[in-house]
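Colleague: I would like to go through some backbone and surface features. Please give the general idea before each case.

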Amino acid sequence: MRVSVFFTLFILLLSLSLFAQEVTFLAQDNPNDDGEAIKLEWVAPVTIFELVLARSEDNITFTKIARVTPLLRTYIDDENIEDGKEYSYRLAVINDEQEVEQYYFSAATASAQWFNTDKISLLIMAIFLASAIVYFILHARRGGRLYIRKISGLDTMEEAVGRATEMGKPIVFVPGIMDLDDMQTIAGLNILGHLATKVAQYDSTIHVPVCRSMVLSTAKEIVKESYLRAGRPDAFNPDSVYYLTDDQFGYVAGVDGIILREKPAANFYLGAFYAESLILAETGFESGAIQIAGTAMPTQIPFFVAACDYTLIGEELFAASAYLSNEPNQLGSLKGQDVGKAIIIVVLLAGVVLEMCGVHFLKDFLNLH
Amino acid sequence: MEIVMHRVGIWIGAFLTFAIFSFLYKDNPFYKIAEQIFIGISAGYWFIYTIYNILIPNLFTPLSADFTQNWILLLPALLGVLMLCRLIPSIDWVSRYALAMVVGTTAGLFFKRYLQSDVLNQLNATMLNPFASGNIAQIIGELILIVGTITGIVYFFFSKKHEGAFGATARVGIYFLMISFGAAFGYTVMARISLLIGRLNFLLGDWLGIIKP
Amino acid sequence: MRRQIPMIITFLVGTLIIVSEFIPHKPFGNLSTTLEGWFLIISGFAIILGQLSLFKVNIIKIHRRTPNWQYYIIALVSFSIMVLCGILWGTQQQPGLLTVREGMLNFFGYKPFDYIFKYFFENLSATMFSLLAFFMASASYRAFRARSPESTLLLIAAVLVMLGRTTIGSTLTGWIPNSLNFLQLPKIASFIMKYPNTAGQRAIMICAGLGVIGSSLRIILGIERSYLGGK
Amino acid sequence: MKIFERFLTIDRRIIFLLIFIGVALPLIFMITFNLEVTENVQSVYELLQEMEPGTRILISFDYDPSTKPEIQPMAIALLQQAFTNRLRVITTALWPMGVQMCNEAYETVSAEYPDIEYGIDFINLGYKSGGMVTINHMAKDFRSTFPADAGGVPIDDFPIMKGIKNFDKIGCMISLSAGDPGLKQWVMIVHDTFNKPVAGGTTAVQAPTMLPYVNEQRQLIGLLGGLKGAAEFELLVKKPGFATKGMGAQSIAHLIIILFIVIGNIGYFVTRKQQDTIKSKKP
């Protein structure tokens, strides 16, 4: 019994090794590059001990470039390859005794490509999105009307300002800890403009501690303008917007101090936040304020959602800013992105249906590898 | 002797740890001192490492070793110096040239990378045949994945009122978002507790020697 | 001049970087590579700028005697000590201007720069963030209440994941037979993370990705100029 | 029924104190529980197991001492697995303090592997700023991004760097990441642009937002999430360390937090019911 099993195994192995005896070797231009690499591919039985690759420019003298194994299957040669020149390659099969058993040859010319064919779907999508966004921005600039739904958190914000006035307590506005180059800070400051107008109308007080000097000057200007818009420029207090420190935790400690001292009726955290989000929200809660937050930082949204009364989630922050500022660039961009979302939903649904029918064309087309 | 300075270091560390923990009670001078030391050392560390690991090997060494080959590096060096001009208010506008280059590079790279990694690849990864596996849990899971992703995107649709069937879809979307926020919160508890474990390990182990650190 | 030229630079650089993705041919590919090499150097200067402006701001605060100005002296002193130690004696791998004497190494056990890092900074930094453990606990106690359908979902997901992620989960439900293993808490937590969590995160990711694309495009085309500051 | 109202307003300092004790006691009495290895951790382990000896892998230390308790155990276990399998490790850092974290991890691990030699089996290339742009640059021109190692010695002097011009000759990339720049940027460039396998170890804060990348596109091969991920990995490399020890304290702390959530909700429901009955009496 045992003998027969061994015999069958032996036959099997023998036929396998006979089958796998075939070695193929191919050198070709490495596709979609700037003509400075050649791609070498081979298929060889795994039983082979080692393979040695060598290169020649004159097809006579070969210099070794690498030792590889059959399993590796590909090697990219990018050492001093020149665009447009022909190179010959030699694959040497080495046995366990370090002897060369056989040579295989192949040659290729490196060339640079004008278009990376792997990226067609990326290009199509990029053109689609960019044109949608630019089209709607231009449309809005020409005075075309674009509808943006009202973000439900905005009412809550106004109510909070009203409540602060009734209670005779101030509100605190924190525009995040990042600089003006972060879009979230810009969005936060846009909303600040709207809130400050309400504060001016209701004759309430506002505190805006900031942690970047560039944000300080912008925020000051915005609050001042809001008071002007509300028709009460004399009521603007330039000290209501102030710089604390650039440091993350120093800033948090400073804001915490303000919240505990001033006992505000409402805290607004709108902008980019990191680990400090929860410390702020917890301290704010202790002081008994209504808290409204908004950030696009994916790691911090859960904390704000859990710890604040209302949270603008991710893109809602930008939408709220566009809604309030009514600025054509923001509105147009948002509308263009919505077109992108619609395309994605349609393509996704189509993709799922096609996959279920066993047609993989769409998925393969969008696959960037 | 080394043991002495090691012990001293550990005592300093323990003192600083308590100084920061005192913030839990309330803001106080000890916390403020510790915080300022933290800020100062951190800034000094960044400063030294930027010089040793970036400016010297990537700028000064190539320039001094082979100027004729690498003179082009004077250009980014000039832009870098312009960046530093922001410290002087009267000429801070020149830093915009350097900033423009930084912002332009980032915007260009972000445009294509986010499009590919966060939009197209995510889209592709959601194009599944949920019934392919035959495993009940996986079928349910993948259906949830597809429905959750689509309804979630619908929630972030701003140019249409959330009412009727569209509103109901967005409502489902917000439920999915809430589950994912809850899950993320629950997952994250571990992160913060880990840091506390690290601290107690230091206090009980290195400092007091109650446990083996 | 002050705004036009930076906008032109942004446009040219941004476009070149995008175009080089699709055209590997010279000069696009290597030009964008060169620009990225420059970016590294400029960003190095930007970091130096950050530290120097911290120095400047602190000096101004001390000079103007703003509230708590005494504390800022501490920041300046620790910054200066760290920089001096780094320049004079170097860091673990980098030699400084002075040679490090055997005696000093034996005394501190490290170079001065590394000694400060190890005993001062590591402890300060780790403790700062460990404060969050406490805030996390109190936030979950008061925030996770089943007030509405949304908050109920938040609560259930959080508790299930917390149970499943630690070893309590397997201890509590380890007795459930393998045929019903989908009821085991670690399995439930993994399921939540793998499907509904991924769905929600993916929706955010796709929409945020589109947002980044929109803002990058506006910056490159010169429509969005807020990064230049001022009006 | 006053007690239920109390349930709603427990002083947070009590919670702080209980958390403190709940973490300290298991550490002192070494309470440990059993662990099971999850799929995402297993795939990281297998990725390295399947690499041929001698393969060069890239590990980036993108964190600082503030998250050391979570990520350092991963770094140590990863280096242990790599050195056991005779993989050669090239390290970088996108955070300046990552360089020191890398030094500390290497010092710990190299003591166990006396035949590992700096420059042949391991190299620390130091810190580079610039985040994603710099990663993209090293993918195209590795040698000009890293002309020298962290100590300023030209990389041409090290055998481990021979022939590395881009990511072609690197087996896989692992980012130990605590935020930005970090794993996300590595995925976007190394996998999505240059098609090399990427795996990661992150804090538990970041992990949920990184999970969408673990998909059938294999943007991420696997993910070690937080201390539990680290503990599971320690189990796989059979060298239990800090993470395994910490899991007992984790469980107790989690239990305490859940307990408070339950108490809060009981209080909430009972008092709400009372309010409802009062309302129904006096419409």
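Modeller: Start with exposure: a residue is buried under 20% relative accessible area, exposed over 50%, and partly exposed in between. The model here is predicted. D:R218 has a relative accessible area of 47%, so D:R218 is partly exposed.

Colleague: What is the phi of D:R218?

Modeller: Most residues other than glycine have a negative phi. D:R218 is not a glycine, yet its phi is positive, about 55 degrees. The residue sits in the loop between α9 and β6 of chain D. C:N68 is another non-glycine residue with a positive phi, near 60 degrees. C:N68 belongs to the loop between α2 and α3 of chain C, and is partly exposed at 37%.

Colleague: Which residues does a cis peptide bond join in chain C, and which in chain D?

Modeller: Most peptide bonds are trans. In chain C, the bond between C:K26 and C:P27 is cis, with omega about 0 degrees; C:P27 lies in the loop between α1 and α2. In chain D, D:D180 and D:P181 are joined by a cis bond with omega about -10 degrees, and D:P181 is in the loop between β4 and α8.

Colleague: How many residues of helix α7 of chain A are buried?

Modeller: The count is 9 of 11, so the helix is largely enclosed by the rest of the structure. Among them are A:L278, A:I279 and A:L280. The buried residues pack against elements including α6 and β11 of chain A, α5 of chain C and α2 of chain D. Just after this helix, A:G288 has a positive phi of about 80 degrees.

How values were computed:
Residues are numbered from 1 along each chain as its sequence is written. Chains are lettered from A and ligands numbered from 1 in the order in which they are written. This is a predicted model: local features need pLDDT of at least 70, side-chain atom pairs count only at pLDDT 80 or more; totals for chains, interfaces and linings use all residues. Side-chain values use heavy atoms; hydrogens and water are left out. Buried means under 20% relative accessible area, exposed over 50%, partly exposed in between (1.4 Å probe, protein chains only). Helices (H or I, at least four residues) and strands (E, at least two) are DSSP runs, numbered from the N terminus. Contact means heavy atoms within 4.5 Å.
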